[in-house]
Amino acid sequence: MKRHPQLQDLSREHHGALKLARDARQAAETGAAGKLATIAERVVRLFAAELDPHFRVEEQGLLATLAQAGEHALVQRTLDEHTQLRRLVADLAAPDAATLLRFADLLAAHVRFEERELFEVAQGHLATGPA
């Protein structure tokens with residue numbers, strides 16, 4: 001099914017997030033201090049430039065719409081995961097493999113949740129409301 005226009009850019013941005021999660025996982029699994037520091041710096045930079053703005057668009061637009069439609073459990077899970085990811089990124093100021101791995105795993109799972117569950121439910125609400 002083709003994504004609603006309001007979801008298309010958000011969905012495209014998920015590809016970059018999955019690549020970042022994969023790279024973070026690989027670096028965490030090596031345990032090499034240099035790789036950890038390099039990828040942690042990249043995660044912090046890309047989080048500020050791309051992921052956090054993506055989260056804010058979702059929170060201010062899509063999640064508000066879904067909350068009004070009564071989809072409180074999906075909205076709360078999304079907000080909780082955004083909060084957890086923000087905390088993990090803050091913790092990467094002092095990078096370690098365990099934190100980087102938790103970030104990678106949560107980011108990948110979060111993207112999958114949004115694509116498979118959140119956006120599927122949103123499609124129905126956006127299709128019936130104003131575009």
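## Ground rules

Residues are numbered from 1 along each chain as its sequence is written. In this predicted model, local features need pLDDT of at least 70 and side-chain atom pairs need 80 or more, while totals for chains, interfaces and linings use all residues; side-chain values use heavy atoms, with hydrogens and water left out.

Helices are DSSP runs of H or I with at least four residues, and strands are runs of E with at least two, numbered from the N terminus.

## H1 against H2

Helix H1 covers residues 5-30. H1 and H2 pack at an angle of about 155 degrees, with axes 10 Å apart. Axes are lines fitted to C-alpha atoms, for helices over the stretch in contact, and angles between N-to-C directions run from 0 to 180 degrees. H1 and H2 are therefore roughly antiparallel. That term needs an angle over 145 degrees; under 35 is roughly parallel, 65 to 115 roughly perpendicular, and the rest oblique.

The crossing of H1 and H2 is left-handed: the near helix is turned anticlockwise from the far one by less than a right angle. Residues in this contact (heavy atoms within 4.5 Å) include Leu10, His14 and Ala17 of H1, and Ile39, Leu46 and Glu58 of H2. By class, the contact of H1 with H2 has 14 nonpolar, five polar and five charged residues. Ala, Val, Leu, Ile, Met, Phe, Trp, Tyr, Cys and Pro count as nonpolar; Asp, Glu, Lys and Arg count as charged; the others, Gly among them, are polar.

## H2 against H3

H2 spans residues 33-68, and H3 spans residues 72-91. Their axes come within 11 Å and cross at roughly 165 degrees. H2 and H3 are therefore roughly antiparallel too. Their crossing is left-handed.

Among the residues that meet are Phe47, Phe55 and Glu58 in H2, and Thr78, Leu79 and His82 in H3. This contact has eleven nonpolar, three polar and five charged residues.

## Two buried glutamates

Glu58 sits in H2. Its relative accessibility is 0%, so Glu58 counts as buried. Buried means under 20% relative accessible area, exposed over 50%, and partly exposed in between (1.4 Å probe, protein chains only). Leaving out residues up to four places away in sequence, Glu58 touches Leu10, His14, Leu63, Thr78, His82, Glu114 and Phe119.

Glu115 lies in helix H4, residues 97-128. Glu115 is buried, at 19%. Its side chain makes a polar contact of 2.7 Å with the side chain of Ser11. A polar contact is a pair of N or O atoms within 3.5 Å; within protein, one must be able to donate a hydrogen and the other to accept it, and residues adjacent in sequence count only if both atoms are side-chain atoms.
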